[in-house]
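Please open the structure in a viewer and keep the selection tool at hand.

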Amino acid sequence: MGNCKHCIIKELNSLRTLTNEELKCISSHKNEMTFKKGDVIFKEGMMLNGVYCISKGKCKLTKLSPNGKEQIVKFIKTGDMLGYRSVLGEEPVNLSVVALEDMDACFIPKKDIFDSIQHNKDFSKDMFKVVCSDLKEANSTIADMAQKTVRERLADTLLFLDETFGEDKEGNIDIKLSREEIANVIGTATESAIRLLSDLKKEGVICLMGKKIKIENKTALRKIGNGF
């Protein structure tokens with residue numbers, strides 16, 4: 001089992017604030033896990049007994065509407081932590097999480113999280129900042145859904161994905177999403193997402209090759225996202 005003290009992934013999240021002794025304790029209690037693409041890490045309504053630290057891979061957080069339609073509300077990448085809001089609030093998770101590719105993660109028992117919060121003010125403060133950041137992001141998403149057109153939301157989403165996941169060696173956004181998944185992110189029908197992507201391609205703003213998307217003109221995409 002890997003030693004958290006020597007793991008570079010911890011530098012990407014709140015675990016970087018822990019002492020060597022606290023990291024040693026977590027190392028002895030954590031459970032290393034592997035997920036395949038499409039695996040469900042946890043489902044909406046479950047109670048979690050700990051948090052997940054993603055050491056490799058990407059996943060999506062989804063919410064089901066009353067009519068059964070999936071809405072993608074957030075993406076998680078290497079270095080992010082999962083399930084902390086449910087653990088801190090001691091309530092069921094309100095989102096489901098599905099792996100978008102093969103993933104590795106470490107499951108940290110909630111007792112270790114609570115002990116660290118109680119005894120390490122830097123860890124407690126950092127976790128508080130993360131929760132506040134999540135709330136700010138959620139508020140921005142709600143505002144965008146209400147105020148922006150679908151075309152503007154698509155432009156913003158493509159820029160967000162590029163900034164979050166970077167680009168592969170060919171310059172494509174380094175995450176592959178189906179047209180349905182893209183539609184679920186921006187809150188529209190799949191047919192509408194396909195048409196809007198095609199329009200951006202015709203305008204020379206993006207390049208499409210299957211699920212691969214390459215941004216050809218970020219300036220133009222930003223203007224679209226800003227309503228111009």
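Against which helices and strands do the buried residues of helix 3 pack? They pack against helix 1 (20–29), strand 3 (50–56), helix 2 (84–89), strand 8 (103–109) and helix 4 (121–147); helices (H or I, at least four residues) and strands (E, at least two) are DSSP runs, numbered from the N terminus. Contact here means heavy atoms within 4.5 Å.

This is a predicted model, in which local features need pLDDT of at least 70 and side-chain atom pairs count only at pLDDT 80 or more, while totals for chains, interfaces and linings use all residues. Residues are numbered from 1 along each chain as its sequence is written, and side-chain values use heavy atoms, with hydrogens and water left out.

Select helix 3 (residues 110–119): Asp112, Ile113 and Ser116 are buried, which means under 20% relative accessible area, with exposed being over 50% and partly exposed in between (1.4 Å probe, protein chains only).

Next, select isoleucine 41. Not counting residues up to four places away in sequence, isoleucine 41 touches Phe35, Tyr52, Val97, Val98, Ala99 and Met103.

Finally, select strand 4 (residues 59–64) and strand 7 (residues 96–99), which pair in the antiparallel sense over 4 bridges; pairing requires that DSSP finds at least two bridges between two strands. Leucine 61 has valine 97 in strand 7 as its bridge partner.
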